[in-house]
Amino acid sequence: LVSSMRDRGADVAKVATTARSTSDAFRMLQLARQESGEGRPTIALAMGEAGLPSRLLAPKYGAFLTFGALVAGKESAPGQPSLRD
């Protein structure tokens, strides 16, 4: 999927999934680490409560960025933390 995005000219690839378990979230972190290690900017995150680790740990794994809400209740996706969280 990521290769296909790059083949079509994407400067930054984004993959978002819904996590059913924390292991799903960590698969997304592994993708971010792999891609960033190759110098390919990638946003890889998992939505939902089980996906929270993929959002909080994204910088540590080299993800290009992550998403959060400034105010609780204004999240744009399930599991997105707010600044207060």
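How many of the 85 residues in the protein chain are buried? Buried residues make up 36% of them, where buried means under 20% relative accessible area, exposed means over 50%, and partly exposed lies in between, with a 1.4 Å probe and protein chains only.

Hello everyone, a word on the ground rules. This is a predicted model, so local features need pLDDT of at least 70 and side-chain atom pairs count only at pLDDT 80 or more, while totals for chains, interfaces and linings use all residues. Residues are numbered from 1 along each chain as its sequence is written, and side-chain values use heavy atoms, with hydrogens and water left out.

Let's start with the fold. The protein chain has three helices and two strands, and from the N terminus on they run α-β-α-β-α. These elements are DSSP runs numbered from the N terminus: helices are H or I with at least four residues, strands are E with at least two.

Now the overall dimensions. The radius of gyration of the protein chain is 13 Å, which agrees with the value near 12 Å that a compact globule of 85 residues would have. That radius is taken over C-alpha atoms, and the globule rule is 2.2 Å times the number of residues to the power 0.38. Along the principal axes, the C-alpha atoms fill a box of roughly 35 × 25 × 20 Å. Of the contacts between residues at least 6 apart in sequence, 56% join residues at least 24 apart; contact here means heavy atoms within 4.5 Å.

On to the inside. The largest nonpolar core has 13 residues, and those with the most contacts inside it are Val2, Val15, Met28, Leu31, Ala44 and Ala46. Two or more residues each come from β1 (13–18), α2 (22–37) and β2 (42–47), and α2 gives the most, with four residues. By a nonpolar core I mean a set of buried Ala, Val, Leu, Ile, Met, Phe, Trp, Tyr and Cys residues joined through side-chain atoms within 4.5 Å. In soluble globular proteins, nonpolar side chains tend to be buried together. If you click on Val2, leaving aside neighbours within four places in sequence, you will find Val2 in contact with Ala13, Val15, Leu31 and Glu35.

And the outside? The protein chain exposes about 5400 Å², with carbon and sulfur atoms supplying 53% of it; the areas come from the Shrake-Rupley method with a 1.4 Å probe.

Arg20 lies in the loop between β1 and α2 and is exposed, with a relative accessible area of 80%. Arg20 and Glu49 are 29 residues apart along the chain, and their C-alpha atoms are separated by 8.5 Å.

Next, please look at the segment after α3 (52–56), where Leu70 is found. Leu70 counts as exposed, at 73% relative accessibility, and the C-alpha atoms of Leu70 and Arg33 are separated by 26 Å.

Glu75 is also found in the segment after α3. With a relative accessible area of 33%, Glu75 is partly exposed. Beyond neighbours within four places in sequence, Glu75 is in contact with Ala69 and Gln80, while Glu75 and Leu29 are 21 Å apart, C-alpha to C-alpha.
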